[in-house]
Amino acid sequence: DEVVVVTVCAGDPPVGELSPLAYELHRRWGVEGSPMGLRRAEDLVACGRVGARVVHLKIPDAVYRRSREGEALYPDTAALFAGIAEAEVTRLDDVASALERAVPQDSETYLPLGIGRHVDHILTRRAGERLGSPRWYYRDIPYALRPSPSASQAAPDGATEAIVTLAEAEIEIWAAAAGEYHSQISSFWPDYESLEADLRSFYDRFGGIPLLRTDST
């Protein structure tokens, strides 16, 4: 089967001054100016390792989104995990429309559960649930690696558990692909070896990659 990875929040930042949080993240990622070109390139390399095609939507990352008055909608880290800002509830329509154009009607879709409550993950889940295709849900890494991860909302009614097992070589490819997001590793791990160890621990805990399955309603 053809696999397509749709990165929803892959758009460039708006013109003008950014929030202090955005500048702080740029420093952490080790980039000057907009990092989105670098992050899209990392996406292409990572997905290439697992044989997936990539679609980049033009929605900016939450740290770049503004109100109509030009104010940052998510000015600090706490705001990123406090739910979708009231000023952009209508953005769900934009994301859902973009996904409808990007995802063939006969596809099965894989959506984040929203573990960790990151606003962009919640936005993606809710928009993806408007599609008519059968859905799978995955646990959001790295948030699912925490001892007591919190979900944005409960699993869908009627969802069934499924475990996808991988061969040892496939686990290595999975970790290597995740390691291609060099700009992001520093936000969650001290080095690649720590990332690989966490992925293996996650896999071993469930005996595979855990998913939830629900048919469209």
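A salt bridge is a side-chain nitrogen of Lys or Arg within 4 Å of a carboxyl oxygen of Asp or Glu. This is a predicted model, in which local features need pLDDT of at least 70, side-chain atom pairs count only at pLDDT 80 or more, and totals for chains, interfaces and linings use all residues. Residues are numbered from 1 along each chain as its sequence is written, and side-chain values use heavy atoms, with hydrogens and water left out.

**View 1. A salt-bridge network links Arg-65, Glu-88, Arg-91 and Asp-120.** Across the whole structure, a search finds 14 salt bridges. The views below show further pairs.

**View 2. Helix 6 packs against helix 8.** Helices (H or I, at least four residues) and strands (E, at least two) are DSSP runs, numbered from the N terminus. Axes are lines fitted to C-alpha atoms, for helices over the stretch in contact, and angles run from 0 to 180 degrees between N-to-C directions. The crossing is right-handed: the near helix is turned clockwise from the far one by less than a right angle.

View 3. The contact residues divide into 10 nonpolar, no polar and 4 charged. Ala, Val, Leu, Ile, Met, Phe, Trp, Tyr, Cys and Pro count as nonpolar, Asp, Glu, Lys and Arg as charged, and the others, Gly among them, as polar.

**View 4. Arg-200 and Glu-168 form a salt bridge.** The N to O distance is 2.7 Å. Arg-200 lies in helix 8 and Glu-168 in helix 6, so the pair ties together parts 32 residues apart in sequence. Arg-200 is partly exposed, with a relative accessible area of 25%. Glu-168 is partly exposed too, at 43%. Buried means under 20% relative accessible area, exposed over 50%, partly exposed in between (1.4 Å probe, protein chains only).

**View 5. Arg-139 and Glu-161 form a salt bridge.** The N to O distance is 3.5 Å. Arg-139 sits in the loop between strand 4 (135-138) and strand 5 (160-164), and Glu-161 in strand 5, so the pair joins parts 22 residues apart in sequence. Arg-139 counts as buried, at 19% relative accessibility. Glu-161 counts as exposed, at 54%.

**View 6. Glu-108 and Arg-213 form a salt bridge.** The N to O distance is 3.8 Å. Glu-108 is in the loop between helix 4 (91-102) and strand 3 (109-112), and Arg-213 is in strand 6 (residues 209-214), 105 residues apart. Glu-108 counts as partly exposed, at 40% relative accessibility.
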